[in-house]
Amino acid sequence: DWRLRVEAWEVDEVVGEVKLADPDGIVEEVRHASHSEASVLLQASPPCPCWSAGRGKKSHSKLEFRQSQFLLFSPLKYARILKPEFLVIENVRGLLTKPGPIWLRVLVQELRDMGYSLPETAWEFGVENAQASGYWLFDMAALGAFQRRRMIFIVARRERGRFPEPPKPTHRDPKQEGVIPPWRTLGEAIGGMTEDEARAEGLARMSGGRAKLLESIKPGELF
């Protein structure tokens, strides 16, 4: 049976600095802080190293690597208690490469079994993909981020009704013609900062290979 069972998600394991905390305690804190029993949106970002291009194998044992994969399902524990109207789970594009699609199908099916509806087709970079379902894929630079980062979003809604449409690009590849402005650059974000301000924001001076990589990026370009 290729479906991963819920029992595996319930194990309280420490994976690096990530701990599957008691959801009941966290939910109680959330409700106390918001003075409300109702939840509209639950947004979750499970750890991504195990789905990234490097797959995080250099820094984790095989056991820790597999445990970190199961953290993809941890948001469901909170969704079962909070029962939010909308649930958004984001991760890196690597979730769409082997073996990620199997895990993604399990996640989507579990959400549907919980009573959530998801998009019947997938959207990838603003284009509909009828061969897949349940997710949106964006290049975040096209949505105004200061870097090119391809992210996948699983968007689910509990109540039946009009499903939100994926956002339209607000910025374009500068090599392409268009009416929307070109991608934003890192220079726009931090170009006016002094070195003291950069340190105060936690920005460190790069060295070694990363410094050489940064030097290779021409003004106005993105990596």
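Me: How many of E4's seven residues are buried?

Reply: Seven of the seven, making strand E4 mostly covered. Buried means under 20% relative accessible area, exposed means over 50%, and partly exposed is in between (1.4 Å probe, protein chains only). Before going on, keep in mind that this is a predicted model: local features need pLDDT of at least 70, and side-chain atom pairs count only at pLDDT 80 or more, while totals for chains, interfaces and linings use all residues. Residues are numbered from 1 along each chain as its sequence is written, and side-chain values use heavy atoms, with hydrogens and water left out.

Me: What share of the 223 residues of the chain counts as buried?

Reply: For the chain, the figure is 36%. Its accessible surface is about 14,200 Å², and carbon and sulfur atoms hold 54% of that. These areas come from the Shrake-Rupley method with a 1.4 Å probe; for residues, only the protein chains shown count as cover.

Me: How many helices and strands does the chain have?

Reply: Seven helices and eight strands. Both are DSSP runs numbered from the N terminus: helices are H or I with at least four residues, strands are E with at least two.

Me: In what order do the strands of the open sheet stand?

Reply: First the general idea: strands of a sheet pair through backbone hydrogen bonds, either parallel or antiparallel. Here we count two strands as paired if DSSP finds at least two bridges between them. Reading across this open sheet of six strands gives E3-E4-E8-E7-E5-E6, with mixed pairing. E3 (41–44) and E6 (127–129) are the edge strands; each has a single partner, so one side of each has no neighbour in the sheet. From one strand to the next, the twist averages 25 degrees.

Me: Back to E4, then. Do E3 and E4 run parallel or antiparallel?

Reply: Parallel: E3 and E4 (residues 86–92) are joined by four bridges. To find the pairing on screen, look for Gln43 opposite Val88 in E4, and for Leu42, whose bridge partner in E4 is Leu87. On the E8 side, the sense is antiparallel, with seven bridges between E4 and E8. There, Val92 faces Met151 of E8 as its opposite number.

Me: Which helix lies across E3 and E4?

Reply: That's H3 (residues 75–82), at about 170 degrees to E3. Angles run from 0 to 180 degrees between N-to-C directions, with axes fitted to C-alpha atoms, for helices over the stretch in contact. Contact means heavy atoms within 4.5 Å. H3 is mostly covered, with six of its eight residues buried; they are Pro75, Leu76, Lys77, Tyr78, Ala79 and Leu82. Just past the end of H3, Lys83 has a positive phi of about 50 degrees. Another helix, H4 (residues 100–113), lies across E4 and E8 (150–157), at about 20 degrees to E8.

Me: How many salt bridges does a search of the whole structure find?

Reply: Two. The test is a side-chain nitrogen of Lys or Arg within 4 Å of a carboxyl oxygen of Asp or Glu. One joins Arg157 and Glu85, at 3.3 Å from N to O. This pair links distant parts of the chain, 72 residues apart: Arg157 sits in strand E8, and Glu85 in the loop between H3 and E4. Arg157 is buried because its relative accessible area is 14%, whereas Glu85, at 25%, is partly exposed. In the other, Arg148 meets Asp139, with the closest N and O atoms 2.7 Å apart. Arg148 is partly exposed at 30%, while Asp139 is buried at 9%.

Me: Which residues make the nonpolar surface patch?

Reply: Leu186, Ile190, Leu203, Met206 and Leu214, giving about 420 Å². Patches use residues with over 30% relative accessible area and no salt bridge; nonpolar side chains (Val, Leu, Ile, Met, Phe, Trp, Tyr) are joined within 5 Å, like charges within 9 Å. Met206 lies in the loop between H6 (195–200) and H7 (208–216). Its relative accessibility is 43%, so Met206 counts as partly exposed.

Me: Where is Glu195?

Reply: In helix H6. Glu195 is partly exposed, with 40% relative accessibility. Its C-alpha atom is 9.2 Å from that of Arg205, 10 residues away along the chain.
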